[in-house]
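Hi,

Here is the structure for you to take over.

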Amino acid sequence: MYSFIGRVWTLEYHSMYVTPLLLLLATCASRGHGEEQQSGGHVSIVVVGGTGDLAKKYLWQGFFQLYSKQVSSGNSFSFYAGGQSPVDKATPIFFGILKAMSCPKDVSDERCAVLKEQFLRLAQYRQLKSLDDYQDLAQHVARQVRDEGLTEAGRLFYLSVPAFAYADIADKINSSCRPVGAATWLRVVLEKPFGHDLRSAQVLAAQLGKALRDEEMYRIDHYLGKQVVSKILPFRVENKKFLDPIWNKHHIERIEIVLKETLDVQGRIPFYDQYGVIRDVIQNHLTEVLALLTMRLPANLSDSEEILQNKLWLFSSLLPLGKNQAVVGQYQGYQSEVRQELNKTNDYVSITPTFAAVLAHTDAAQFDGVPILLISGKMLDERVGYARVVFKNDMFCLQHSFHCKPKEIIFYFGHGSLQYPAILVSKNLFKPSVTENEWKEVTDHANVNVLGSPLSDYYVQTPKAQREAYAELISHIFAGHKNSFISTENLLASWDLWTPLLESLADSFPRVYPGGADNGDMLDVHLKGKEIAYIRDVVLLGPDQVGGESTRSFLIMQGKYRGADMVSAWAEELVERLAADIQEAAEAAVLQDGVFHLALSGGSTPIALFHRLALHHFSFPWSNTHIWMVDERCVPPTDPECNFHTIHQHVLQHVRIPYHNIHPMPVQFKQRLCVEEDATAELYQEDIGRLVNGSRFHFVLLGVGHDGHTASLFPHSEAANSHNGLVVLAESPVKPHRRMSLTFGALNRAHRVALLVMGKGKHELVTQLSRVKDDANKWPVTGLKPTNGTLVWYLDYDALLG
């Protein structure tokens, strides 16, 4: 037999013929493991995207495990990997994936070899690109069933493809691949994301609803396949007599649902930068865990309709989420990853959060007032996931006592210090029941701490055999069990909760954190009523305190740079500080002069600052503020290259400012752009002289280019050498070449000039500028020398430290 198996591996991969000997061998092996022979029919399984990363890592392994369990049940199978690539190119890749599959630990090596050979013979790759391809597949399946005298049980399509392709593929399946006969089922599995917000989810649901019935769709959330997550409801039922008296607001202090990851998102940026951490894991994974913890218990755990209705009731009871119920963060290296993978320039800024902590509440009487924290992030200190129910403890012990230890139940999903999935119940709470044959109690407690407490403080239950989440869910799909999947109503109810929060955070600049253990307490939060905030405020440190163990140990540094004042910080804190300084200058100017004249530069670097001023500084004296331009490209005001367009998009349309206080540079005049004889520079200069006292702006915001230019004063240009007048037409070395700019004469009159420099791409420039002498012709920015004002450099740590 062994030599026969050795020869089997050399047979052609795509052969559909199975020898009677192999069938007999596998069947006998299956019966030897105690599985009952059951009647069934033929099942065709199609993985669209069958050679992709998800299929390679999880799906084919899951389907192989399904086949291993079902081989003696009376069902027969065909497996198809579908994709865009031609058959000759993709087939070797597909079978390379299949040959790497592994068997469950309880399967002998001999049986494993037979099962793998059978699976290879039953599998083939097919190009599924056009409607004709799907029709050919349907004809092939029908012909196989007819020729082999089989009874067709069902067809399962797993769409492991981007969400934008779902509707089109569903249409093709509906029009060409539906099985014939009322007794033959069709099941279509969909991977997240299921939309981007409520509206997009509604559109996608409507599109899919035209082709598929809701009972035919299996929206998969792999978290619901995790053994501990799927055990939450059964655990609540099994321990009802203990939990009923305490599972309420009178005894529960808070609920925490946490998913921490140590990896970054390199390789996933095109997807992740559109979605962020809330859409990626909180709206789906953590929200489903929240529902399982707080929904009404169903009378029957097998009744998927009752479970759905109880979830919908829970969603309807959750209070609305706004920006005061969330804090967001972004790990420091994310910006450079985005620029590299999305091919963006060095001044591109993404405000997609990679960390979020959300505070939820419900008005259901059972949990009214109980804070529910949902937290997740990338580049954190450890990889771990858990749901933790913390109970109030009214004991007071004069000496350390068992009764005064924390009381909690932890649904521990895995990884972290414990390394295996488990349910932990504090020993001073109750001893939980163990009623399922698949779970066992752990009595040999290792010297391990879990969330700050020794493992010996808990009663611990764990699965007897650990199973992978996708394999679990695939077995549920095959059986037609829908409890672990997301219905259309469930999906839309969840998006209805999360969309307002996502919209309120759309312009929020996330707190930047270094990543890993260096995060320290930067992401710690505190709760105040129904609001959440970071614990740590901005800390001011002098230059003598810099250069210790790690630059991560400070947030804001003040010192000198090129003889002028300097403020440096992580990007978020730097923007907050600059915004606060501008407001302070505005309030002082209005108090003294009744008006505040602010000159702003364009580009992408100050966008985060604009968001901060417009959306967070509600007491800013906008009605007394005049907005001026530092420089402008000679393009129409509707052109995205226009600096005024940027300022309008990110500031002016969000604040109440009198229209006559807004002063765009008149680069378009008489239906032409920056023509010298139109004297538009002189017109702008006249406006400044007429409205600005002494032609001294109260505050000027500038940036600096890689070549050392500031405003539109470029090296070796006439404009850079002009100190006469206030406004000049200038020339740029890059398109659009023609510019209008304030001169050094105007800039150096200002009360205060701020130079904002951000990003690793500016580190080399900052280093170089720290060494060069003043030479406005070669390095125009060195010509900034306010005569009766101050110059402050605002440098983020990326620019300063690299």
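Cys674 counts as buried, at 6% relative accessibility. Bear in mind that this is a predicted model. The partner of Cys674 is Cys634, and the two form a disulfide with sulfur atoms 1.9 Å apart. This link is left-handed, with -85 degrees about the S-S bond. What does the pair tie together?

A search of the whole structure finds three disulfides. Here are the other two.

Cys103 and Cys112:
- A disulfide joins these residues, S to S 2.1 Å.
- The link of Cys103 and Cys112 is right-handed, with 90 degrees about the S-S bond.
- Cys103 has 18% relative accessibility; the cut-off for buried is under 20%, so Cys103 counts as buried.
- Cys112 is buried as well, with a relative accessible area of 13%.

Cys397 and Cys404:
- This pair is also joined by a disulfide, S to S 1.9 Å.
- The torsion about the S-S bond of Cys397 and Cys404 is about 90 degrees, so this disulfide is right-handed.
- Are these cysteines buried or partly exposed? Cys397 is partly exposed, with a relative accessible area of 23%.
- Cys404 is partly exposed, with a relative accessible area of 28%.

Counting bonded cysteines along the chain, the disulfides follow the pattern 1-2, 3-4, 5-6.

How far from Cys642 is the nearest cysteine sulfur? That sulfur belongs to Cys634 and is 10 Å away. Cys642 is in no disulfide. Cys642 counts as buried, at 2% relative accessibility. Cys177 is buried, with a relative accessible area of 1%.

To recap on handedness: the link of Cys634 and Cys674 is left-handed. The link of Cys103 and Cys112 is right-handed, and so is that of Cys397 and Cys404.

Over to you.

Best wishes

Definitions and conventions:
Residues are numbered from 1 along each chain as its sequence is written. This is a predicted model: local features need pLDDT of at least 70, side-chain atom pairs count only at pLDDT 80 or more; totals for chains, interfaces and linings use all residues. Side-chain values use heavy atoms; hydrogens and water are left out. A disulfide is a pair of cysteine sulfur atoms within 2.5 Å. Buried means under 20% relative accessible area, exposed over 50%, partly exposed in between (1.4 Å probe, protein chains only).
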